[in-house]
Amino acid sequence: MSWTQVSWSTAPEQPWKNGGGITRELLAWPNTQHWRVRISVADIVLDGPFSHFDGVQRWFAVLSGAGAVLDVDGRSVLLCAGGDAFNFDGAASTHCKLIDGHTQDINLMLRGASGRMTRVRDALTTGAVTPNPSAKYAKLIATYSIDSATKVTFDGENTVLPPKTLAWRVISQPGMLTVASANAIWMEIDL
């Protein structure tokens, strides 16, 4: 399977029920009703609570803006553009306080799957990607290019992402991965 690309600009806007922002869903795998993996970009414009997602592992990283403080079950975490991704339980009581106005964030939500989200800060990140043999399906790998072109190579197959674009694919065999970018987000999920 080759890379599938989804541009942020083509994803429909989904306003939040509380009026605090909008979400653009870039991926819901295997489908939008029964997703196990959901990747979205949110524009947060007001302080407020996050929706509860029982049984969901969440990852959150600030893409632009001054950032936010997330209060997750009474524990405060400062998240800024360029900083590491933060992992928390989707069922936790979570409140977001913006530091200085609007932020744009990327969200990874996992239901019945495990994974991680990592910021790529250097010009080159490499490593072997191996599907977990105990995973039910395989492994889903994805990269979001933030504000500059990103080149992703998996097992010799290249794809170049323009800014604000997600590239993803499901793999069942191990391979070598290279992400060449000054500013991107890498996600690796055992399905």
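**A predicted all-strand chain and its salt bridges**

The protein exposes about 8,700 Å², and carbon and sulfur atoms supply 52% of that area, where accessible areas come from the Shrake-Rupley method with a 1.4 Å probe and, for residues, only the protein chains shown count as cover. Before I go on, please keep in mind that this is a predicted model, in which local features need pLDDT of at least 70 and side-chain atom pairs count only at pLDDT 80 or more, while totals for chains, interfaces and linings use all residues. Residues are numbered from 1 along each chain as its sequence is written, and side-chain values use heavy atoms, with hydrogens and water left out.

Let me begin with the overall picture. The secondary structure comes to zero helices and 19 strands; helices (H or I, at least four residues) and strands (E, at least two) are DSSP runs, numbered from the N terminus. The C-alpha trace spans about 45 × 35 × 30 Å along its principal axes. For 191 residues, a compact globule would have a radius of gyration near 16 Å, and the protein, at 16 Å, agrees with that; the radius is taken over C-alpha atoms, and the globule rule is 2.2 Å times the number of residues to the power 0.38.

Of the 191 residues, 50% are buried, and here buried means under 20% relative accessible area, exposed means over 50%, and partly exposed lies in between (1.4 Å probe, protein chains only). Among the contacts with a separation of 6 or more, 69% come from residues 24 or more positions apart, a contact being heavy atoms within 4.5 Å.

Now to the charges. There are 16 positive and 17 negative side chains, and the centres of the two sets lie 4 Å apart; Lys and Arg count as positive and Asp and Glu as negative, without His and the chain ends, and the place of a charge is NZ of Lys, CZ of Arg, CG of Asp or CD of Glu.

How many salt bridges does a search of the whole structure find? The search finds eight, each being a side-chain nitrogen of Lys or Arg within 4 Å of a carboxyl oxygen of Asp or Glu. One of them joins the side chains of Glu-188 and Arg-116, at 2.8 Å from N to O. Because Glu-188 lies in strand S19 (residues 184–190) and Arg-116 in strand S12 (residues 114–120), this pair ties together parts that are 72 residues apart in sequence. Glu-188 is buried at 12% relative accessibility, whereas Arg-116 is partly exposed at 38%.

Another salt bridge is formed by Asp-190 and Lys-139, whose closest N and O atoms are 3.1 Å apart. This pair links distant parts of the chain, with Asp-190 in strand S19 and Lys-139 in strand S14 (residues 139–145), 51 residues apart. Asp-190 counts as buried at 17% relative accessibility, and Lys-139 is buried too, at 5%.

A further salt bridge brings together the side chains of Glu-157 and Arg-169, at 3.4 Å from N to O. Glu-157 lies in strand S16 (residues 157–161) and Arg-169 in strand S17 (residues 165–171), so the pair ties together parts 12 residues apart in sequence.

I will finish with Gln-104, which is placed in strand S11 (residues 103–111) and is buried at 5% relative accessibility. Leaving aside neighbours within four places in sequence, Gln-104 contacts several residues, including Trp-8, Val-41, Leu-63 and Lys-164.
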